[in-house]
Amino acid sequence: MLLDKILEKYPQQEDSLLEILLAFQDAKINHFISEDEVRQIASYLHISEAKVCSVLSFYTFFRTENKGKHVIQVCGGVPCHVESDFNVAKTLEKELGIKVNETTENQQFTLEYTSCIGLCDEAPAMRIDDKVYTKLTPNKIKAILAEYRVYM
Amino acid sequence: MINLKINNIPVSVKEGTTILNAAKQNNIKIPTLCNYPDLHINSECRVCVVEIEGRKGLVTSCSTQVREGMKIITNSPRVINARKTITELILTNHDSNCNACAKNMNCELQNLSNILGIDQARFPSVLKMEPIDDHNPALVRNPNRCIKCGRCIDVCKNIQTTNILEIMGRGQSMKITPAYGKYLSDESCTFCGQCASVCPVGAILEKDETDKVWDALHDERKRTIVQVAPAVRVSLGEELGLKAGSIVTGKIATALRLLGFDDVFDTDFTADLTIIEEGNELIKRVTEGGTLPMLTSCCPGWISFAETYYPEILPNLSTCKSPQQMFGALAKGYYAEKIGWDPENLFVVSIMPCTAKKYEAQRPEMRHDGKHPDVDVALTVRELGKLIRQMGIDFESLPDSEFDNPFGITTGAAAIFGTTGGVMEAALRTVYEVVNKKPLEKLDFTDVRGLKGFKETTVNLGGADVKVAVVHTLANARVIAEQIKAGTSPYAFIEVMTCPGGCIGGGGQPYGTTTEVRQKRLEAIYKVDGKMVIRKSHENPAITKLYEEYLIEPLGHLSHEYLHTHYHQRKKQKPKHKNVMATY
C-alpha cells in the first residue's frame with residue numbers, strides 16, 4: 001500500500017528508480033527494501049529485477065535486509081584508518097557486543113563499513129543514520145552511543 | 001575525412017571512427033578484451049589503451065574518436081607496459097586453471113596473455129572462490145572465471161531485453177549475477193545462451209553432456225539414434241577448423257557413424273513434418289476463425305519468453321512441437337515400433353545450435369510415455385566438435401555420406417529452418433500451393449530473407465492478401481508480442497526466433513559468431529536449399545509415406561499425441577535455493 005502510494009508519484013521511467021528507492025526506504029518503518037518490493041518497483045518501471053538489485057547493491061545507503069533501528073556506518077576510507085591511533089570499528093564492536101555486519105539482539109544497532117564519506121579532513125568519521133560524527137575518540141564514541149541508548 | 005598519424009604513419013579515416021577501428025582499417029593491431037563486434041561494450045577492460053601526443057594519461061582506443069591532426073602511438077614502452085599490467089591485474093581475480101576449463105585454447109583472455117607475453121604470475125591471486133551455478137539444464141555459470149567485461153549483460157539487456165544478468169556491488173567485490181545473486185532459473189531466463197556465446201572466457205558455458213553420450217554409445221543394450229538440426233551443417237566446419245559458411249552435411253553423417261551412432265538421422269525430416277502440421281494448423285485457424293496471428297513454436301527460447309513475459313499470447317502460439325521434439329516422439333514411438341525395439345533402450349541424441357534445446361528436452365511435456373524424455377540429450381555444435389576431437393577424427397578429410405532412412409529424406413524447405421525467415425518461407429511454399437491449388441512460380445520469398453530484425457511480406461492465399469512477419473532476437477519478439485496484446489497486429493502468421501540471425505546465430509554455435517559470420521552461414525544455408533532436388537515440404541515422399549503408414553492425417557489423433565503440445569504460464573515462484581551468492 002505504502003509502496004503503491006509512493007510509486008504513483010513518479011513517472012514510469014527508468015530515471016525515477018533512484019528517487020523511488022530513496023523515498024520508499026525513508027518511508028518504510030524498518031527502512032529496508034524487500035525482494036517482493038524490488039519486484040513491484042521493477043514491474044512499475046518496466047525494468048528487470050536485476051537492474052533494480054544492481055542499483056541497490058551499488059550504494060551503501062540502501063538496505064536489502066532488515067536491520068537495526070540505527071545503522072552505524074564506519075568510514076572505511078584510508079585517511080580515516082591512518083588518522084586514528086585506535087580502531088573505530090573494533091571499539092564499536094566491543095561497545096555493542098557485535099561484529100561488523102551484525103545487528104544487536106535488541107534490534108537497535110547495526111554495524112557496518114561504508115566507502116569514504118568525504119570527511120577525510122576530520123578523520124576518523126562515522127555515520128549513524130543521517131548524522132555524521134567526526135574526529136572520533138574512544139570516549140567520544142561511548143558518549144555518542146549513550147545518547148542513542150537514552151533515546152531508544 | 002580526418003587525417004591523423006598512427007605510429008607515425010599518416011592515415012585518413014571517416015569522421016566518428018574510433019582510434020581502434022582507424023588502426024584496424026590500416027592493419028595496425030591493438031589488442032582488446034571486452035570489445036566485441038555487434039555489442040556496445042566500451043572501456044571496461046582498458047586493455048586497448050594507447051598514447052596520444054599532448055595528452056597526459058593513456059586513453060582507451062575503443063571509446064575515443066579520432067580528431068584532425070591526432071598523433072597516436074599504439075606500441076610505446078609505456079603503452080605495452082600498461083596493457084601488460086592491466087591484464088596481469090585482471091588475472092589476479094580470475095581462476096587461471098586453464099587446463100581444467102572448457103574454453104582452453106579458445107579463451108580470449110588466454111590468447112591476450114599470450115600476445116602480451118605474460119609468462120609468469122607477477123601479482124598474487126586475490127580470487128575468492130565462489131560456488132558454481134549449474135542448477136538449470138542448459139547453462140553453467142562459473143563466477144570464478146568471470147572478468148566482468150559486461151558482454152553478457154549487453155547481449156541479455158539490449159539484444160534479448162531480458163536483462164537477467166547485471167552488475168552487483170562495486171569495486172573489488174563487484175560481480176555479475178542475476179538479481180540477488182541467485183542462480184539462473186527458468187522463471188526469467190530463456191536459456192538462449194547468447195551470454196555463453198559472447199563470453200570471452202569460460203564463465204558461462206553450456207552444460208556439458210558429452211559424457212552421457214559416450215556412456216550411451218558404449219552401452220551395448222542401447223540403440224543410439226542421432227538427429228542433426230538444419231543450422232548445424234553450415235557451422236560445424238568452423239568448430240573443426242574450416243572456413244565460416246562451409247557446408248559439411250555429408251561429413252557430419254560420416255563423423256556421427258564413426259562415433260558409433262546406430263541411426264544417423266536428420267532433424268530436417270521433422271522440420272518438413274512441422275511445415276505440414278503447422279501449415280494445416282494455420283489454414284484451419286484462418287478458415288475456421290481460430291486465434292490469429294499464429295506464432296511459430298520451433299524455438300524453445302521464444303516459448304520460454306512467451307510463457308514468462310507474455311502469457312496472454314500463449315493461445316497464439318502454434319501447438320506444434322519443435323522439430324527436435326517431434327523427432328524424439330516419433331523415434332521412441334513410431335520408429336521403435338517399426339524396428340521392434342524397446343523404447344527404453346533407445347537413446348536419442350540431438351545435435352543443436354542451441355542451449356535452450358537442452359532445457360526443452362527436459363520439459364515434462366516432452367515425454368510421450370510420461371516418464372522418459374523423448375530426446376535424451378541435446379548437444380550443442382561445440383559439444384559435437386568435442387566428441388569428434390576426442391575420437392581422433394580428422395574431420396576435414398572425411399568422405400561424404402548420406403543420412404539413414406526413413407528420417408533422412410528431406411527437402412530444401414527444411415534446410416532453411418536454420419536461418420531467420422526460413423520457417424516462414426518453408427511454410428509459405430507449402431501453404432500457398434495447398435490453398436491456391438497451383439504451383440508457385442517462384443520458390444524464393446526474398447522479402448523474408450536476410451539479417452534484418454523485422455521483416456514482412458504479403459502473400460495471396462485463396463484470393464485474399466495475407467500479411468506475415470518474421471522477427472528475430474527477443475527485442476523484436478517483444479515488439480510483436482506488444483502488438484498482439486494491444487490487438488493491433490496486422491499479421492496472420494509470424495515467425496519468431498530468439499537468437500540474432502535465427503539458429504545460425506544460436507547460443508550453441510561455434511564461438512566468434514558475429515554478423516559477418518552469420519551472413520556467411522546464412523548464404524551457405526540458402527545454397528543447401530538451392531541444391532536440393534525437392535524444395536517443398538509437402539513433396540517429401542518420406543513424409544507422405546509417414547502419413548499413409550502411421551499418422552493418417554495432419555492434425556489427426558496421432559499427430560496430437562506425438563507432434564503437438566501445450567503451453568503454460570511460467571509462474572514466479574519463491575526461490576528454491578538459498579541466495580548463496582548474495583554478499584551485499
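This report describes the chains, domains, sheets, helices and local backbone features of a predicted model.

## Chain A: overall layout

Chain A contains seven helices and four strands. Read from the N terminus, its elements follow the order α-α-α-α-β-α-α-β-β-β-α. Along the principal axes, the C-alpha atoms of the chain fill a box of roughly 50 × 30 × 20 Å. Of the 152 residues in chain A, 49% are buried. Among contacts in this chain between residues at least 6 apart in sequence, 60% connect residues at least 24 apart.

The chain is divided into domain 1, covering residues 2-58, and domain 2, covering residues 70-150. The C-alpha centres of these two domains of chain A are 28 Å apart.

## The sheet of chain A

Four strands of chain A form an open sheet with mixed pairing, in the order β2-β1-β3-β4. The edges are taken by β2 (109-114) and β4 (131-133) of chain A; each has a single partner strand, so one side of each is left without a neighbour in the sheet. From one strand to the next, the twist averages 25°.

Strand β3 (residues 126-128) of chain A pairs with β4(A) in the antiparallel sense, over three bridges. Within this pair, A:Arg127 stands opposite A:Val132 of β4(A). The loop between β2 and β3 of chain A holds A:Pro124. The peptide bond that leads from A:Ala123 to A:Pro124 is cis, and its omega is near -5°.

The domain assignment of chain B gives domain 1 (2-92), domain 2 (120-206) and domain 3 (210-562). Taken over C-alpha atoms, the centres of domain 1 and domain 3 of chain B are separated by 43 Å.

Strand β1 (residues 2-6) and strand β2 (residues 9-13) of chain B run antiparallel and are joined by five bridges. B:Ile6 stands opposite B:Ile9 in β2(B). The two strands, β1(B) and β2(B), form a hairpin with two residues between them, and B:Asn7 in the turn has a positive phi of about 50°.

## The parallel sheet of chain B

In chain B, an open sheet of four strands has the order β11-β10-β13-β14, and its pairing is parallel. The edge strands are β11 (263-266) and β14 (377-380) of chain B, each of which pairs on one side only. The twist from one strand to the next averages 25°.

Strand β13 (residues 346-352) of chain B runs parallel to β14(B), with four bridges joining them. B:Val349 has B:Val377 as its bridge partner in β14(B). Helix α9 (residues 267-288) of chain B lies across β10 (223-228), β11 and β13 of chain B, and runs at about 40° to β11(B).

## Helix α17 of chain B

Helix α17 of chain B covers residues 515-531; at 1.5 Å a residue its 17 residues should span 24 Å, and its end C-alpha atoms are 24 Å apart, which agrees. The buried residues of α17(B) include B:Val517, B:Leu522, B:Ile525 and B:Val528, and also B:Arg518, B:Arg521 and B:Asp529. The buried residues of this helix pack against α7 (236-239), α14 (412-415) and α15 (422-436) of chain B.

## Cysteines

How many disulfides does the structure hold over all chains? The number is zero. B:Cys45 takes part in no disulfide, and the nearest cysteine sulfur, that of B:Cys34, is 3.7 Å away. A disulfide requires the two sulfur atoms to be within 2.5 Å. B:Cys45 counts as buried because its relative accessibility is 12%.

B:Cys101 is likewise in no disulfide; the nearest cysteine sulfur belongs to B:Cys107 and is 6.4 Å away. With 15% relative accessibility, B:Cys101 counts as buried.

## Backbone features in the loops of chain B

Most residues other than glycine have a negative phi, and most peptide bonds are trans. B:Asn27 is not a glycine, yet has a positive phi of about 60°. This residue, B:Asn27, lies in the loop between α1 (19-25) and β3 (49-52) of chain B and counts as exposed at 73% relative accessibility.

B:Lys437, also not a glycine, has a positive phi of about 50°. B:Lys437 is placed in the loop between α15 and β15 (454-461) of chain B and is exposed, with a relative accessible area of 73%.

The peptide bond from B:Asn405 to B:Pro406 is cis, with omega near 10°. B:Pro406 is found in the loop between α13 (381-390) and α14 of chain B.

Note on methods:
Residues numbered from 1 in each chain as written. Chains lettered and ligands numbered in written order. Predicted model: local features only at pLDDT ≥ 70, side-chain atom pairs only at ≥ 80, totals over all residues. Heavy atoms only, no water. Buried < 20%, exposed > 50% of the residue type's maximum accessible area, 1.4 Å probe, protein only. Domains from an automatic or database assignment. Expected span 1.5 Å × (residues − 1). Contact = heavy atoms within 4.5 Å. Pairing = 2+ DSSP bridges. Axes fitted to C-alpha atoms, helices over the stretch in contact; angles between N-to-C directions.
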